[in-house]
Structures are given as C-alpha cells and as structure tokens.
Amino acid sequence: MLSKIAKEVSEHPGTMWMPIISLKREDAARLGYDKAESRKALLSSYAMETAQHMEIPWEQFRWYAAFHDKGDHPHVHMVCYSADPSKGFLPKQEIAKIKSDLAGRIFRQELTEICSRQTQRRDEAAMAAKGRWNRSSDSSEKQPAKNSMSVSSHR
C-alpha cells in the first residue's frame with residue numbers, strides 16, 4: 001500500500017502542499033497528541049476544512065500523513081493535493097487560517113480551562129467589589145451628614 005501511495009504522489013503532475021505539524025514533546029504528552037492515533041484523529045476531523053482552504057472539492061481532496069515520534073518534537077509530515085491537477089490554490093491568508101484552526105483544536109481544552117479560570121476570577125472580583133460597596137454604603141447611612149446647617153429661631 002505504501003509503495004502505491006509513494007508512486008501516486010511522485011507521479012502527480014499538480015501542486016502539492018507538504019505541511020509539517022510539530023509540537024514540543026511535553027506539550028504533545030500533556031495534550032494527548034503523543035500517539036499517532038490521536039494525531040490521525042485530529043487531522044481526519046479537520047480534513048474537510050483543509051480541502052476548503054485549499055480550494056479543492058472534497059471528493060478530489062487527497063491527503064496522507066506520516067507520524068514521526070522523534071526527539072523533543074513528535075511531528076506529522078503531510079502531503080495534500082487534488083486528484084484533479086488543475087484544482088487547488090492556497091493563498092497566504094488561508095495558510096494562516098489553517099494554522100490558527102489547528103492550534104485552536106490542539107489547545108482547545110487548555111484554552112477552555114484558562115477561560116473558565118478567568119471567568120471565576122472575574123466573578124470573585126465582582127463579588128468582592130460588591131461587598132465593599134455594600135459595606136461602604138451601609139456605613140455612610142449610619143453617620144450623620146457633615147456640613148449640615150441647623151436653623152434655630154432666637155427670640
């Protein structure tokens with residue numbers, strides 16, 4: 001099977017894109033992307049969007065990936081192209097979108113946890129400020145007003 005894919009890729013007359021997706025080993029382990037299966041699931045779930053960014057009709061989109069578990073950065077080498085050599089275009093802004101989308105998916109759980117902690121801190125700060133405001137307004141109601149004038153009649 002691998003030799004068939006290698007032949008297909010080497011003989012393809014159209015444009016090919018060969019991205020590399022790499023993480024630091026500790027990030028890959030912490031986020032669950034230290035195994036080929038999890039990387040494959042990530043890329044498979046994003047394949048249709050990748051085809052759209054590359055302006056390749058889904059039924060013509062071809063992609064292959066090889067997972068390399070080497071050194072400090074496990075990574076994936078990809079090959080993406082259209083079965084129709086006349087199809088496919090990848091402007092720089094679409095490359096940026098692909099990178100951003102994949103980073104968002106890879107770090108989604110961490111980003112969700114960060115947002116959750118920020119919301120909790122914001123709520124705690126708001127409650128503390130409300131408590132100070134309430135204590136401040138309670139104490140000002142109990143004190144007599146300063147600079148009040150008293151009117152008395154002298155006869």
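**A walk through the predicted chain**

A polar atom in the side chain of H12 lies 3.2 Å from the backbone oxygen of S82. H12 sits in the loop between α1 (2-11) and β1 (16-17). Is H12 buried or exposed? Its relative accessible area is 14%, under the 20% cut-off, so H12 counts as buried. Apart from neighbours within four places in sequence, H12 is in contact with Y81, S82, A83 and P85.

The protein chain holds five helices and four strands. Followed along the sequence, these elements give the pattern α-β-β-α-α-β-β-α-α. The protein chain has 155 residues, and 25% of them count as buried. It exposes about 11500 Å², of which carbon and sulfur atoms supply 55%. Contacts across the sequence can also be described: among those between residues at least 6 apart, 68% join residues at least 24 apart.

The buried interior comes next. In soluble globular proteins, nonpolar side chains tend to be buried together. Here the largest nonpolar core has 21 residues, and the members that touch the most others are M54, F61, L102 and I106. At least two residues of this core come from each of α2 (25-31), α3 (36-53), β4 (75-82) and α4 (92-106). Which of the elements gives the most to this core? It is α3, with five residues.

With residues up to four places away in sequence set aside, I106 touches I21, L23, L31, Y33 and L42.

One of these residues, I21, leads on to a pocket. The largest pocket is lined by 24 residues, and those nearest its centre are P19, I21, I98, K99 and L102. L102 was met above among the residues with the most contacts to other members of the largest core. Two or more lining residues come from each of β2 (20-22), α3, β3, β4 and α4. Helix α4 provides the largest share of the lining, six residues.

Helix α4 also contains I95. The relative accessible area of I95 is 33%, which lies between the cut-offs of 20% and 50%, so this residue is partly exposed. Along the chain, I95 and H53 are 42 residues apart, while their C-alpha atoms are separated by 7.7 Å.

The last stop is E55, located in the loop between α3 and β3 (61-68). What is the phi of E55 near? The value is near 55°, which is positive, and the residue is not glycine. Most residues other than glycine have a negative phi. E55 has 46% relative accessibility, and because this falls between 20% and 50%, the residue counts as partly exposed.

Methods:
Residues are numbered from 1 along each chain as its sequence is written. This is a predicted model: local features need pLDDT of at least 70, side-chain atom pairs count only at pLDDT 80 or more; totals for chains, interfaces and linings use all residues. Side-chain values use heavy atoms; hydrogens and water are left out. A nonpolar core is a set of buried Ala, Val, Leu, Ile, Met, Phe, Trp, Tyr and Cys residues joined through side-chain atoms within 4.5 Å. Buried means under 20% relative accessible area, exposed over 50%, partly exposed in between (1.4 Å probe, protein chains only). Contact means heavy atoms within 4.5 Å. Accessible areas come from the Shrake-Rupley method with a 1.4 Å probe; for residues, only the protein chains shown count as cover. A polar contact is a pair of N or O atoms within 3.5 Å; within protein, one must be able to donate a hydrogen and the other to accept it, and residues adjacent in sequence count only if both atoms are side-chain atoms. On a 1 Å grid over the protein atoms alone, a cavity is a set of points where a 1.4 Å probe fits but cannot get out, and a pocket is an open set with protein on both sides within 12 Å along at least five of seven lines; lining residues have an atom within 4 Å of a point.
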